[in-house]
Amino acid sequence: MDQDRAFALLDRFVDVGGEWLDSANCYAFWSDPAGVGGASERVIGARLQARPGGRA
């Protein structure tokens, strides 16, 4: 999914009271052809950087 949609979903998560996420770069190993993973961590990091103060 593109970054705008991912940010919108994360924003909605926060809007409805979401407080924490569990992620690990190994969750994507089975679907990443390169076997690298880490996509969710990059998106979450970019969102936190784009919205300072979003971390409690």
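## Pocket lining

The lining residues of the second largest pocket comprise six nonpolar, one polar and no charged. This is a predicted model. The volume of this second largest pocket is about 190 Å³.

M1, A6, L9, L10, S40, V43 and I44 form the lining of the second largest pocket. Two elements, α1 and α2, each give two or more residues to that lining.

## Salt bridges

Side chains of opposite charge can pair when their charged atoms come close. The model holds two salt bridges. One joins D11 to R47, with 2.7 Å between the closest N and O atoms. D11 sits in helix α1 (residues 3-15) and R47 in helix α2 (residues 39-50), so this pair ties together parts 36 residues apart in sequence.

D11 also forms a salt bridge with R51, at 2.9 Å from N to O. R51 lies in the segment after α2, while D11 belongs to helix α1, so this contact ties together parts that are 40 residues apart in sequence.

Which residues are linked in a network of salt bridges? They are D11, R47 and R51.

R51 has a relative accessible area of 29% and is partly exposed.

Technical notes: Residues numbered from 1 in each chain as written. Predicted model: local features only at pLDDT ≥ 70, side-chain atom pairs only at ≥ 80, totals over all residues. Heavy atoms only, no water. Salt bridge = Lys/Arg side-chain N within 4 Å of Asp/Glu carboxyl O. Helix = DSSP H or I, 4+ residues; strand = E, 2+ residues; numbered from the N terminus. Buried < 20%, exposed > 50% of the residue type's maximum accessible area, 1.4 Å probe, protein only. 1 Å grid on protein atoms, 1.4 Å probe; cavity = no way out; pocket = protein on both sides within 12 Å on 5 of 7 lines; lining within 4 Å. Points joined across faces, edges and corners; volume = space filled by probe spheres on them. Nonpolar A, V, L, I, M, F, W, Y, C, P; charged D, E, K, R; others polar.
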